[in-house]
Amino acid sequence: MNENLVADRPTFVTHLECSMTGERYEADRLHGLSRVGRPLLVRYNLDGVRDAVSRDELARRATDMWRWRELLPVRRTESIVSLGEIETPLLPVPASGGANVLVKDEGRLPTGSFKARGLVMAVAMARELGVTRIAMPTNGNAGAALAAYATRCGIETIVFCPEDTPEVNVREIAMQGARVWRVNGLIDDCGAIVGKGAAEGRWFDFSTLKEPYRIEGKKTMGLELAAQMGWRLPDAIFYPTGGGTGLIGMWKAFDELERLGWIGPERPRMYAVQASGCAPIVRAFEQGEEHAERWEDAATVAAGIRVPRAVGDFLILRAVRESGGKALAVGDPAILKAVDECAKKDGLLLCPEGGATLAAYHQALRDGLVDEEERVVLFNCATGLKYPMPEAPNWLDRHQPIDFDKL
Ligand SMILES: *Cc1c(COP(=O)(O)O)cnc(C)c1O
């Protein structure tokens with residue numbers, strides 16, 4: 001068995017902190033949002049981490065996400081419910097992207113998306129803190145990851161999806177043991193139902209950023225990226241942004257790595273990519289707002305980023321601005337074209353949200369925001385196999401003469 005999943009390693013969580021007011025909350029207790037209704041962030045004794053483990057020692061461990069244990073919240077190794085959270089590869093896409101573009105392919109994680117990173121952590125913490133029933137609103141992938149991990153450790157789950165959630169997602173959630181409901185509304189309408197049940201004490205609310213530990217799981221994308229790139233971060237990161245957990249998590253990871261002295265002060269420019277049919281963060285960025293208003297009539301093929309309102313809006317906007325990046329919107333036609341080109345030219349099947357980052361990269365090149373010499377990382381957040389593909393209609397009758405020139 002993987003050493004990372006059996007070795008007891010020291011833990012360094014000191015407390016939690018409101019991301020808006022800085023108010024302190026005790027560790028090792030069940031928390032949702034802070035008193036002002038904002039996400040809680042986990043804080044660590046980083047001096048302790050620095051004394052306990054060196055960058056080189058960490059680099060020698062098996063490369064799955066549990067090698068970062070000293071920077072993660074789980075206290076007891078037995079709380080971890082693993083389905084094999086591997087380090088995801090960085091793949092060049094020279095033909096559809098360019099010579100300096102790498103895709104971090106998160107589609108290889110359990111349940112086929114990077115939601116596994118967040119949910120494996122959140123479920124471990126729920127288990128550690130004695131939660132027995134969890135509810136969640138989801139556009140698909142988060143629900144699938146929750147169902148898989150919670151079922152595996154005997155936690156009951158109730159999942160609510162917008163009615164037009166991709167069929168494969170609704171079915172995989174059901175297959176993996178959750179009670180799943182389609183709802184005639186968007187993800188925040190589903191969230192309202194979850195909130196109501198939670199207020200009545202029926203279940204624990206696992207909505208994006210409404211519990212503190214998904215960010216810690218998603219943070220491992222930033223830790224991993226730093227290690228994979230020899231502790232030199234890329235010049236720019238393009239991240240498909242819905243609730244923004246990953247972007248906020250990576251930004252937190254970079255901060256912690258710098259405090260540990262494992263990287264320097266330089267940061268990638270963070271580009272938050274949204275679909276033109278649902279771009280609340282882009283609108284708020286352009287208007288110089290600190291918070292993003294709800295986006296009405298949200299519609300895009302990229303279901304994972306169809307999030308009309310995000311509780312962590314100000315954290316996303318802050319990270320993007322501090323990094324010198326930008327929030328960018330791309331249309332569905334550009335998203336589908338990018339998916340098609342990457343598959344046809346580089347043999348890599350992206351999900352639509354991953355396609356959005358490739359489309360946004362090309363737009364940023366045209367607008368002079370990045371240049372071709374810069375090292376860029378795009379996030380492909382789920383396997384392209386979960387999404388509808390164009391028909392392949394060719395048919396051959398083996399009993400008829402075959403025209404081999406036409407094949
Ligand atoms: C959830 C999801 C996103 C958005 O991720 P956040 O970190 O919540 O912004 C993007 N793409 C896919 C495929 C997703 O499932």
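This is a predicted model: local features need pLDDT of at least 70, side-chain atom pairs count only at pLDDT 80 or more; totals for chains, interfaces and linings use all residues.
Which residue of β11 does Y239 stand opposite? Residues are numbered from 1 along each chain as its sequence is written, and side-chain values use heavy atoms, with hydrogens and water left out.

Select residues 236-240 (β10) and 269-275 (β11): these strands run parallel and are joined by 5 bridges. Strands here are DSSP runs (E, at least two residues), and helices are runs of H or I of at least four residues, numbered from the N terminus. Within this pair, Y239 faces A272.

Next, display the whole sheet. It is open and mixed, with 6 strands in the order β4-β5-β13-β10-β11-β12; two strands count as paired if DSSP finds at least two bridges between them. At its edges lie β4 (90-92) and β12 (326-330), each pairing on one side only.

Now select K219, in helix α7 (residues 214-228). K219 is buried, with a relative accessible area of 0% (buried is under 20%, exposed over 50%, partly exposed in between; 1.4 Å probe, protein chains only). Its side chain reaches the backbone oxygen of L71 at 2.6 Å. Beyond residues up to four places away in sequence, K219 touches Y44, L71, G249, M250, K252, A253 and E256 (contact: heavy atoms within 4.5 Å).

Finally, select residues 81-381. The end C-alpha atoms of this span lie 21 Å apart, and the span is 42% helix and 16% strand.

How values were computed. A polar contact is a pair of N or O atoms within 3.5 Å; within protein, one must be able to donate a hydrogen and the other to accept it, and residues adjacent in sequence count only if both atoms are side-chain atoms.
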